[in-house]
Amino acid sequence: MSVEVKLSNQPLEPGPCISFVRSENCGAEVLFIGTVRDQTRGKAVNKLFFEAYEPMAIKEMEKIGALCLRKYEISKMSFHHRLGELQIGEVPVILAVSAPHRVEAFKACAEAMDLLKQNVPIWKKEYFEDGEVWVAAHP
Amino acid sequence: MHCRVMYFGITRDYTGKKEELVVLEEKSHLSDLHQLLKSRLPQLDELKSYRLAVNESFAENESILLKDGDVIAIIPPVSGG
């Protein structure tokens, strides 16, 4: 398998993602790590909560990997997303991509993250001092 | 026939439940279930957007026939990453 996808309630680590994508025919590995910021649009965030429609989220993440493998000259992709409650500075998402050359790996990494944010059924709730809100739900 | 409807994120807050069984007439289309859900959940109109999934795939159009046991999910705007 060239694409590895994981949803986890445990803290994510980049090491296993890098190990998965490392290939002797590749000269490039691009690693993206998403982290929880302490504010959104100027408002202090205390913590986040992520939930997923898990079987569908896994299928959609696998589809993103398959699409990127068809579209770009990449070798492997590892795509991990965290679920549950996350504190500031924790890691909701890690994406690693390997390719013979760096340009294709950068492009695939960027597109996969864009598609994650469009199509993968995962939802984020932001907690503030004065309440909580599901992100992007309302206009 | 019976279909299972699943709610996530803000739509689970609307319904107060993760899922429910909905009774539909035989040969109902996804559009029929969508109308039923809209009448039960007027708050759907307040969302920026939402999509429907049937058996863990986004529904491309609502004219598809549902069958007994299908699992439909309301997918409010996603916000992973």
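Of the 81 residues in chain B, 23% count as buried. Keep in mind that this is a predicted model.

Staying with chain B, there are 2 helices and 5 strands. Going along the sequence, the order is β-α-β-α-β-β-β. The radius of gyration is 12 Å, close to the 12 Å from the globule rule for 81 residues, so chain B is as compact as a globular protein of that length. The C-alpha trace of chain B spans about 35 × 25 × 20 Å along its principal axes. As for contacts, take those between residues at least 6 apart in sequence: in chain B, 56% of them join residues at least 24 apart.

One backbone detail in chain B. Which residue other than glycine has a phi near 60°? That is B:K27, and the value is positive. B:K27 sits in the loop between β2, residues 19-23, and α2, residues 30-40. B:K27 has 10 other C-beta atoms within 10 Å, and 12 or fewer counts as exposed, so B:K27 is exposed.

Now chain A, which has a case of this kind to show. A:R41 is not a glycine, yet its phi is positive, about 45°. Where is A:R41? In the loop between β3, residues 39-40, and β4, residues 43-44, of chain A. A:R41 counts as exposed because it has 5 C-beta neighbours inside 10 Å.

A:S2 lies in the segment before β1, which covers residues 3-8. Is A:S2 buried, exposed or partly exposed? There are 16 other C-beta atoms within 10 Å of A:S2; buried needs 20 or more and exposed needs 12 or fewer, so A:S2 is partly exposed. Leaving out residues up to four places away in sequence, A:S2 touches A:L69, A:S75, A:K76 and A:M77. There is also A:S98, which is 96 residues from A:S2 in sequence, while their C-alpha atoms are 10 Å apart in space.

Last item, a strand pair in chain A. β9 runs over residues 122-128 and β10 over residues 131-134, and the two pair in the antiparallel sense. How many bridges are there between β9 and β10? There are 4. Within the pair, A:K125 stands opposite A:W134 of β10.

A:R41 counts as exposed, and B:K27 is exposed.

Key: Residues numbered from 1 in each chain as written. Chains lettered and ligands numbered in written order. Predicted model: local features only at pLDDT ≥ 70, side-chain atom pairs only at ≥ 80, totals over all residues. Pairing = 2+ DSSP bridges. Contact = placed C-beta atoms within 7 Å. Rg over C-alpha atoms; globule rule 2.2 N^0.38 Å.
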